[in-house]
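Have a go at each task before you read its solution.

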Amino acid sequence: WQGREGAAPYSTLVPSDEVTIDYRHGLPVVTLTLPTRSERCRFTVKPMVTTVGAFLQDVQREDKGIERAEVFATDGSKVSDATLMEVLLMNDFKLVINNTAYSVSPPVKDKLSSEHATEMEDIKSLVHRLFVALHLEDHQVRKERELLQKLDRLKEELLPLEQMKARIMDSADAKTSRLLWVGLALMSTQGGALAWLTWWVYSWDIMEPVTYFITYGSAMAFYAYFVLTRQDYIYPDAKDRQFLHYFYRKSKKQHFTVERYNKLKEDLAEAEESLRRLRQPLHLRLPIQEINDKD
């Protein structure tokens, strides 16, 4: 059998039983005879990590008398050293050590016994439990420390903004209250003036059209309010709208950024919710007493 182009012909083609592959605990084990030491040696392969080149280097390190180690496909083409062993073990191949070619037929992975599959699942479950036992608590403590530091930083940034917001709200509320009292005073003055004009200056026959047009003008004013704001003129809503008007105008003067304040409040609420969920016993899988001690 002729190898790749330019390579010397192999002097020997050894049957497939000289190089065997079987699976132990879910990992392929390649067993072959070292040419110099004439003894059988096993090489456990991690198929999803180990490359063909790494496997051949392991074989050469085991037997210093090996000058040449290559892998060829059944059609004679050389398999790249960068190929993963998982890909190589999907089909038959030829392992060339010095001038000897070994015909290798890997077992079909899908036809492995259910016992091997069960062992693999048990190992995975064991590794998962060990990882949880060794790293979960450290991860939870580290994550909790990060959240606490984030909460302290957010609260520190929010403190001056909260104080500024409180002052702006007090100022806006005072202006809104003054506006309401001014409106009540104007309405009282208007009622008193109409009564004085009706009973002491003119008669009702003269004042009736005046009151009609005042009422009609008020209705027009309410309708104009609806056209401008798309809201009915309801006293609580009108008060809140005027409060917000004063609040944003005062915030602009005081350089209070409402968007930044809202973003910090959202981040604070999110961090507090993450910390609460992190400290839940069902998520931590820790005793309730230990959670209370951390609080």
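Two strands count as paired if DSSP finds at least two bridges between them; helices (H or I, at least four residues) and strands (E, at least two) are DSSP runs, numbered from the N terminus. This is a predicted model, in which local features need pLDDT of at least 70 and side-chain atom pairs count only at pLDDT 80 or more, while totals for chains, interfaces and linings use all residues. Residues are numbered from 1 along each chain as its sequence is written, and side-chain values use heavy atoms, with hydrogens and water left out.

**Exercise 1. Find the order of the strands in the open sheet of 3 strands, and say what packs on the sheet.**

Step 1. The order is E2-E3-E4, and the pairing is antiparallel.

Step 2. Strand E2 (20–24) and strand E4 (40–44) are the edges; each has a single partner strand, so one side of each lacks a neighbour in the sheet.

Step 3. On average, neighbouring strands are turned by 30 degrees against each other, direction ignored. For such angles, axes are lines fitted to C-alpha atoms, for helices over the stretch in contact, and values run from 0 to 180 degrees between N-to-C directions.

Step 4. Now look at one pairing: E2 and strand E3 (residues 27–33) run antiparallel and are joined by 5 bridges. Aspartate 22 has valine 29 in E3 opposite it.

Step 5. Helix H1 packs on this sheet and touches E3 and E4, its direction making about 145 degrees with that of E4. Contact here means heavy atoms within 4.5 Å.

**Exercise 2. Trace salt bridges in the structure and describe the setting of their partners.**

Step 1. Start with the criterion: a side-chain nitrogen of Lys or Arg within 4 Å of a carboxyl oxygen of Asp or Glu. Searching the whole structure gives 9 salt bridges.

Step 2. Aspartate 22 pairs with arginine 24, with 3.6 Å between the closest N and O atoms. Aspartate 22 is partly exposed at 29% relative accessibility, and arginine 24 is also partly exposed, at 38%. The scale is buried under 20% relative accessible area, exposed over 50%, and partly exposed in between (1.4 Å probe, protein chains only).

Step 3. In helix H1 (residues 52–62), arginine 61 and aspartate 58 are 3 residues apart, about one turn of the helix. Their salt bridge brings the closest N and O atoms to 2.2 Å. Aspartate 58 is partly exposed, at 30%.

Step 4. Lysine 265 and glutamate 162 form a salt bridge at 3.4 Å, N to O. This pair links distant parts of the chain, with lysine 265 in helix H6 (residues 258–278) and glutamate 162 in helix H3 (residues 114–201), 103 residues apart. Lysine 265 has a relative accessible area of 36% and glutamate 162 one of 29%.

Step 5. Finish with a network of salt bridges, which links Arg153, Glu157 and Arg260.

**Exercise 3. Which residues form a nonpolar patch on the surface?**

Step 1. The patch consists of Trp196, Trp199, Trp200, Val201, Tyr202 and Ile206, with about 790 Å² of accessible area together. Patch residues have over 30% relative accessible area and no salt bridge; like charges are joined within 9 Å, nonpolar side chains (Val, Leu, Ile, Met, Phe, Trp, Tyr) within 5 Å. Areas come from the Shrake-Rupley method with a 1.4 Å probe, and for residues only the protein chains shown count as cover.

Step 2. H3 supplies the largest share, 4 residues. Isoleucine 206 belongs to helix H4 and is partly exposed at 47%.
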